[in-house]
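Q: I would like to go through this model with you, one topic after another. Could you take my questions as they come?

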Amino acid sequence: MKNILDLDIEELKSWMKENGEKEFRAKQVFSWIYNEVWDFKEMTNISKDTLKKLEKNFFIGIPRIVETYSSKNSDTRKHLFLLHDGNIVEGVVMQYNHGNSICISTQVGCNMGCKFCASTIGGAVRSLSSGEMLGQIMVSQKQLGERISNIVLMGSGEPLDNYDNVVKFIKDVNSQYGLNIGQRHITLSTCGIVPKIKSLANLDLQITLAISLHAPNDELRVKTMPIAKVYSISELIDSCKYYIDKTGRRITFEYALVKGVNDSKEQAEQLVKLIRGMLCHVNLIPINEIDENDLKKSNEEQVKCFRDILMKHGIETTVRKEMGLDINAACGQLRKSYIEKREL
Ligand code: SAH
């Protein structure tokens, strides 16, 4: 049995043909699925025989929302998605004035081992298929009752450690027979797997690439991000420049500010030297404090001071709006507490 969402329209057309069906059935099936009909039996314009064949070969892999936590003002909701094999991933839906965004997971857990991140405790169980990524969006959209128009790949997992499925997802999500969300509305965040950044650049996609930098020098970066032992910051920055050259797209650097660790004036100046002149933007994130470590978030003045130094040097900088703090919305915290509860 295969998840039908792992197929794109051309693949489903070929399947129809190979199985003695008319190709246009593929469009009909997708049209039902993308109109939120997730049971083959309800596809009333398709013959019983064809439906039987479909049922024998495919399941419609929409994850089930097992829990939802809404923030008080309900502009943020965090879902726990149950996948068909019993694994759990999380996603966050955020409602902004300019439209609805979703943060989805690309893997169950993560192998990157960043010290500040709750998703990586316990490593990666497995990677998600492209259809499982689509499914998170589809079920969230149904629950919201509104279209979701922006996607960020910032849930659990390292997208570039699941490169092929993530690239397929980016292409599939764009399909007019599917969710029809343009590449410019997709942000892929990576801890910095350099060769994969280069491969991605060569695909010439129009997505936004976000780099989890979090430190202005290797000495500090290796302390919290094991990937920094494999690729130096200078190699990382070179791959970013290559990406910008190839795609013409502006890169985002994510920098989570930790009190007394990476938030000093000198470190801001170091960061300036590193990225000045690049087509980029810095997103400062007051770190989300998690139980598993004692990292504390920088206070407001420190964040402002850091931002001002970057801005003074002409580097466009925003401070990420903190949403959903009251519902543990950040970074793998929920899946972990849910699994712990389930295992009791
Ligand atoms: N693996 C990818 C994407 C998932 S993490 C990556 O590393 O980019 C999404 C973002 O959340 C990354 O920038 C990550 O560094 C950040 N993050 C993880 N834990 C965090 C925490 N406790 N507080 C703030 N940001 C965190």
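Q: Which residues does UniProt list for "binding site"?
A: The unreviewed UniProt entry gives Cys110, Cys114 and Cys117; UniProt positions follow the numbering used here, feature names are shortened, and annotations may be inferred rather than shown by experiment. This is a predicted model, in which local features need pLDDT of at least 70 and side-chain atom pairs count only at pLDDT 80 or more, while totals for chains, interfaces and linings use all residues. Residues are numbered from 1 along each chain as its sequence is written, and side-chain values use heavy atoms, with hydrogens and water left out.

Q: Where is Cys110?
A: Cys110 sits in the loop between strand 7 (107–109) and strand 8 (124–127). Strands (E, at least two residues) and helices (H or I, at least four) are DSSP runs, numbered from the N terminus.

Q: And Cys114, where does that one lie?
A: Cys114 is also placed in the loop between strand 7 and strand 8.

Q: Is Cys114 buried or exposed?
A: Cys114 counts as buried because its relative accessibility is 10%. Buried means under 20% relative accessible area, exposed over 50%, and partly exposed in between (1.4 Å probe, protein chains only). Cys110, at 8%, counts as buried too.

Q: What is Cys114 in contact with, leaving aside neighbours within four places in sequence?
A: Cys114 is in contact (heavy atoms within 4.5 Å) with Thr120, Thr224, Met225 and Pro226. With the same exclusion, the contacts of Cys110 include Ser119, Thr120 and Glu158.

Q: Changing topic: which residues come nearest to the ligand?
A: Phe116, Ser189, Ser212, His214 and Asn288 do, out of 16 residues around the ligand. A residue is near a molecule if one of its heavy atoms lies within 4 Å of it.

Q: What do Ser189 and Ser212 do there?
A: A polar side-chain atom of Ser189 is 2.6 Å from a ligand oxygen atom, and for Ser212 a polar side-chain atom also lies 2.6 Å from an oxygen atom of the ligand. The protein covers 95% of the 530 Å² of accessible area that the ligand has on its own, by the Shrake-Rupley method with a 1.4 Å probe.

Q: You named His214; what is its phi?
A: His214 has a positive phi of about 65°, although it is not a glycine. His214 lies in the loop between strand 11 (208–212) and helix 7 (218–224), and it is buried, with a relative accessible area of 10%.

Technical notes
A polar contact is a pair of N or O atoms within 3.5 Å; within protein, one must be able to donate a hydrogen and the other to accept it, and residues adjacent in sequence count only if both atoms are side-chain atoms.
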